[in-house]
Amino acid sequence: MLCNFNLPAGFPSMKFKGSDNYVATQDLMLAVNAAITLKRPLLVKGEPGTGKTMLAEEVAEALKLPLLQWHVKSTTKAQQGLYEYDAVSRLRDSQLKDVDGGERVRDIHNYIVKGVLWQAFTADQPVALLIDEIDKADIEFPNDLLREIDRMEFYCYETRELIKAKHRPVVFITSNNEKELPDAFLRRCFFHYIKFPDAETMKSIVAVHFPDLKQELLASAMKTFYDVRNLPGLKKKPSTSELLDWLKLLVAEDIPLEALQSRDDKVAVPPLVGALLKNEQDVTLFEKLVFMQGRNR
């Protein structure tokens, strides 16, 4: 039986069964529900553009949970997720204390900026929490969150209070595998790797975004996409999101079907290739391959 996380009466069952806007494979749904059952963060890895961030958004919507998002940057520190003390503003206000008699300055709570973890812990109802691209921060970042994520509490030294979670949030952590995460952190997570969609799954994904797309155009576009993606030596393979962008452009520009079809099985340069290939090395490599195949005909 799935844990209910102190849910209020009438709150829907905490079990993800997919959504109309997100094609989730069976193993992905199992991973989400396993993390909920174990009361552990779900660590999701996969190529950029495979829907890791969108997963958290769709699960939150399906389970009727508010979603708090923490998008990690290279300069992000773990403390920012808890709180920050704005000492500069307090000093400035102390110099202007005659304005309000110094009442604001006396209460240090006025200078505590609550981070997303504080907000998630003190929310009156369960929430979903997304810590996005955790591998962008320095190696100490996940280590600094070990205790807070494990015990669901932290201490605010400025106000001398222990902030404890009223309800355990459903935590999603995404990583693009830019750097390895510490073993101690990994032990506290349930892990799932989102594999790149096969052709059938990809057709289902496309159908969500383009329900009226002609099947002939879809078939030709899919063949071209996978031809490009499977080229050896690409520095960055096109992702699901880039396929969707490319299809949007093909429809918007009314590209004829013939432009996507080659007379044989050779790879051809597709129209609007800049939606699929995102650096000059890959474009050059692709053009060289097409040129060589053209000479060998």
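Predicted model: local features only at pLDDT ≥ 70, side-chain atom pairs only at ≥ 80, totals over all residues.
**Figure 1. Helices α11 and α12 pack against each other.** Helix α11 spans residues 215-229 and helix α12 spans residues 240-252. Their axes are 11 Å apart and meet at an angle of about 140°. In passing α12, helix α11 makes a right-handed crossing. On the α11 side, the contact is made by A221, M222, T224 and F225. On the α12 side, L243, W246, L247 and L250 take part. Sorted by class, the residues of this contact are seven nonpolar and one polar, with no charged residue.

**Figure 2. Helix α10 packs against α11.** Helix α10 covers residues 199-209. The angle between α10 and α11 is about 125°, and their axes lie 12 Å apart. These two helices are therefore oblique to each other, and their crossing is right-handed. A199, M202, K203 and V206 of α10 meet L218, M222, F225 and Y226 of α11. Seven residues of this contact are nonpolar and one is charged, while none is polar.

**Figure 3. Five strands form an open sheet.** The strand order is β2-β5-β8-β1-β9, with parallel pairing. Strands β2 (67-71) and β9 (190-194) stand at the edges; each has a single partner strand, so one side of each has no neighbour in the sheet. From one strand to the next, the twist averages 20°.

**Figure 4. Strands β1 and β8 pair within the sheet, and helix α1 lies across both.** Strand β1 consists of residues 42-46 and strand β8 of residues 170-175. The two pair in the parallel sense over four bridges. L43 stands opposite I173 in β8. Helix α1 (residues 26-38) lies across β1, β8 and β9. Relative to β9, helix α1 runs at about 165°.

**Figure 5. The rings of Y83 and F154 form a stacked pair.** The model has a count of nine aromatic pairs. In the pair shown, the ring centres of Y83 and F154 are 6.3 Å apart and the ring planes stand at 20°, so the pair is stacked. Y83 belongs to strand β3 (residues 83-85) and F154 to strand β6 (residues 153-156), so the pair ties together parts that are 71 residues apart in sequence.

Key:
Residues numbered from 1 in each chain as written. Heavy atoms only, no water. Pairing = 2+ DSSP bridges. Axes fitted to C-alpha atoms, helices over the stretch in contact; angles between N-to-C directions. Contact = heavy atoms within 4.5 Å. Left-handed = near helix turned anticlockwise from the far one by under 90°. Nonpolar A, V, L, I, M, F, W, Y, C, P; charged D, E, K, R; others polar. Phe/Tyr/Trp six-rings, centres within 6.5 Å; stacked < 30°, edge-to-face > 60°. Parallel < 35°, antiparallel > 145°, perpendicular 65-115°, else oblique.
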